[in-house]
Amino acid sequence: MALLAQGGCARLHVPRHAHVRPQRVLSPFATLSPAPGPGPGRVGSQNMEWVEATSSFFQQDSRPIMLFDGVCNLCNGGVKFVRENDRNRSIRFEPLQSEAGKNLLRRSGRAPDDISSVVLVEKDRSYIKSEAVLKIMEYIDLPFPQLALFLQFVPLFIRDFLYDNVANNRYTFFGRSESCEI
């Protein structure tokens, strides 16, 4: 099944049924979903439904999915950069504005209309903001995995502060496009 995003982006073939561990509802400052299990902050039944509803995205293709703002020139440039530096094609891409993107946002504990951050969705976890960028860097070619390792020593609040400042001003500095690149 191919989905059509606003701006004319068609993406993602969706196979059916696979089991995925639940995800944690992410607060504005959380970046990783913990291991599943009972306890505070764990996924409620509504989010669990989204995990199950989107588990088919990982049934036949276990590669992570990078969610990005499909009309942001900076984001589209980032997708192009990742594609050019990912010789093994380790990452799939999906605009946040597409139906699949909205469903994967819900799976990650985010609002379906939240286009404020890049999100990397793996089968068992989701990463947002600077954590998503560092995780994406781990998947692409040298020297980016080593750079990501080094940048992990920068405190999260500093990385996310810088990330938020760029993200909040991305349209002003880089502009918007009428449709996404993919």
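Rings of Phe, Tyr and Trp (its six-membered ring) pair if their centres lie within 6.5 Å, with planes under 30 degrees apart called stacked, over 60 edge-to-face and the rest tilted.

1. **The aromatic pair.** Searching the whole structure, a predicted model, turns up 1 aromatic pair. The partners are phenylalanine 81 and phenylalanine 144: their ring centres sit 5.2 Å apart and their planes meet at 90°, so this is an edge-to-face pair. Phenylalanine 81 belongs to helix α2 (residues 73–84) and phenylalanine 144 to helix α5 (residues 144–151), so the pair ties together parts 63 residues apart in sequence. Helices here are DSSP runs of H or I with at least four residues, strands are runs of E with at least two, and both are numbered from the N terminus. Phenylalanine 144 is buried, at 17% relative accessible area, whereas phenylalanine 81 is partly exposed at 38%. For those words, buried is under 20% relative accessible area, exposed is over 50%, and partly exposed is in between (1.4 Å probe, protein chains only).

2. **Ground rules.** Residues are numbered from 1 along each chain as its sequence is written, and side-chain values use heavy atoms, leaving out hydrogens and water. As this is a predicted model, local features need pLDDT of at least 70 and side-chain atom pairs count only at pLDDT 80 or more, while totals for chains, interfaces and linings use all residues.

3. **The overall picture.** The chain has 7 helices and 6 strands, and from the N terminus on they run β-β-α-β-α-β-α-β-β-α-α-α-α. Of its 182 residues, 47% count as buried. Take the contacts (heavy atoms within 4.5 Å) between residues at least 6 apart in sequence: 66% of them join residues at least 24 apart.

4. **Two buried polar side chains.** Glutamate 94, in strand β4 (residues 92–95), is buried with a relative accessible area of 0%. Its side chain has a polar contact of 2.5 Å with that of serine 98. A polar contact is a pair of N or O atoms within 3.5 Å; within protein, one must be able to donate a hydrogen and the other to accept it, and residues adjacent in sequence count only if both atoms are side-chain atoms. The C-alpha atom of glutamate 94 is also 6.6 Å from that of phenylalanine 68, 26 residues apart along the chain. Serine 126, in strand β6 (residues 126–128), is buried at 0% too, and its side chain makes a 2.7 Å polar contact with the side chain of serine 108.

5. **How α4 meets α6.** Helix α4 (residues 129–139) and helix α6 (residues 156–168) pack at about 95°, their axes 8 Å apart. The axes are lines fitted to C-alpha atoms over the stretch in contact, with angles running from 0 to 180 degrees between N-to-C directions. The two helices are therefore roughly perpendicular, a label for 65 to 115 degrees. Residues making the contact include Lys129 and Leu134 of α4 and Arg159 and Tyr163 of α6.

6. **Backbone spots to look at.** Most residues other than glycine have a negative phi, and most peptide bonds are trans. Which peptide bond is cis, with omega near 5°? The one from leucine 142 to proline 143, with proline 143 in the loop between α4 and α5. Arginine 89 has a positive phi, near 50°; this residue is in the loop between α2 and β4 and is partly exposed at 47%. Lysine 129 also has a positive phi near 50°, but lies in helix α4 and is buried at 11%.

Terms used: Parallel < 35°, antiparallel > 145°, perpendicular 65-115°, else oblique.
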